[in-house]
Amino acid sequence: MAGTISIYDLIIVGHGVAGLAAIVSAAELAPAAQIAVLERAPKDASGGNTRYSPANMRMRSVNKISPGFMDNIITISGVDGDRAYFEKLADQTPQAVQWLERQGVQFHAIDYFLKSWPNRIQPVSKGTTIIKALQRSARVKGIQLVYECRAKQLHLGKEETTIKAADGRRFITKSVILASNRF
Ligand SMILES: Cc1cc2nc3c(=O)[nH]c(=O)nc-3n(C[C@H](O)[C@H](O)[C@H](O)COP(=O)(O)OP(=O)(O)OC[C@H]3O[C@@H](n4cnc5c(N)ncnc54)[C@H](O)[C@@H]3O)c2cc1C
């Protein structure tokens with residue numbers, strides 16, 4: 001295993017919602033591309049924070065964000081948020097959630113006891129559903145899911161990037177996306 005070299009068009013590091021959504025979207029845009037995701041956890045424990053998250057989303061339905069969505073996010077983030085960024089987020093969130101639905105994630109509305117709370121929707125069976133649905137889509141699209149592979153070093157060359165894993169495997173790729181959260 002140590003020293004093995006694999007070559008790809010695109011590698012994504014991290015198998016949470018960000019990484020899996022990125023690879024599945026990339027495969028939709030470029031079906032012939034050789035794509036892989038490197039995940040440090042074993043398959044059964046993979047999914048990062050996403051797997052343990054209730055994945056509540058401030059939306060009335062999959063088509064509509066909750067009233068006050070943007071101001072709420074800016075207040076909660078507690079920093080001088082970039083309003084243009086949050087406007088784009090608010091604008092594109094329904095599209096992103098509908099895309100998740102097309103991958104097989106079902107959503108339901110949460111009925112809060114405190115009616116003053118913002119409306120939220122949630123995937124049935126929470127964050128783990130997102131991971132399972134995107135994993136399935138990735139497999140159908142022929143994406144290679146490499147588990148127990150901790151990316152340790154990244155060398156950005158002019159034409160290609162080399163990723164060295166903790167166990168010595170090497171991956172050469174034209175493009176790389178890091179979706180490993182804050183690790
Ligand atoms: C308890 C909890 C409750 C939450 N509730 C909500 C909520 O209700 N609504 C909401 O919107 N958000 C919620 N969040 C936040 C949300 O879960 C995260 O923002 C989201 O899951 C981040 O996704 P991600 O793909 O960026 O990271 P992650 O899901 O953490 O995925 C990162 C992946 O990268 C892998 N990785 C890390 N380093 C390496 C490496 N060197 N090599 C290979 N792989 C690596 C990790 O193993 C992991 O699988 C919650 C989070 C937690 C923990």
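The model is predicted: local features need pLDDT of at least 70, side-chain atom pairs count only at pLDDT 80 or more, and totals for chains, interfaces and linings use all residues. Residues are numbered from 1 along each chain as its sequence is written.

**Overall**

The chain has five helices and 10 strands. Helices (H or I, at least four residues) and strands (E, at least two) are DSSP runs, numbered from the N terminus. Along the principal axes, the C-alpha atoms fill a box of roughly 60 × 35 × 30 Å. Of the 183 residues, 28% count as buried. Buried means 20 or more other C-beta atoms within 10 Å of the residue's own, with C-beta atoms placed from the backbone. Two residues are in contact if their C-beta atoms, placed from the backbone, lie within 7 Å. Among contacts between residues at least 6 apart in sequence, 69% join residues at least 24 apart.

**Helix α5**

Helix α5 takes in residues 126-140. The expected span is 1.5 Å times one less than the number of residues. Which residues of α5 are buried? They are G127, T129, I130, I131, A133, L134, Q135, S137 and A138. Their cover includes α1 (17-29), α2 (48-52), α4 (83-102), β6 (121-123) and β7 (144-146). After α5 comes G142, with a positive phi near 75°.

**Ligand shell**

The ligand is surrounded by 29 residues; the closest are G14, G16, A18, G48 and S53. Helices α1 and α2 each supply at least two shell residues. The most come from α2, with four. By class, the shell has 12 nonpolar, 14 polar and three charged residues. Here Ala, Val, Leu, Ile, Met, Phe, Trp, Tyr, Cys and Pro count as nonpolar, Asp, Glu, Lys and Arg as charged, and the others, Gly among them, as polar.

Two strands pair if DSSP finds at least two bridges between them.

| Strands | Sense | Bridges |
|---|---|---|
| β8 (residues 151-156) and β9 (residues 161-165) | antiparallel | five bridges |
| β9 and β10 (residues 170-178) | antiparallel | four bridges |

H155 has T162 in β9 as its bridge partner. A hairpin of four residues joins β8 to β9. K164 stands opposite R170 in β10. The hairpin of β9 and β10 also has four residues between the strands, and G168 there takes a positive phi near 100°.

How values were computed. Buried ≥ 20, exposed ≤ 12 C-beta atoms within 10 Å, placed from the backbone. Near = placed C-beta within 6 Å.
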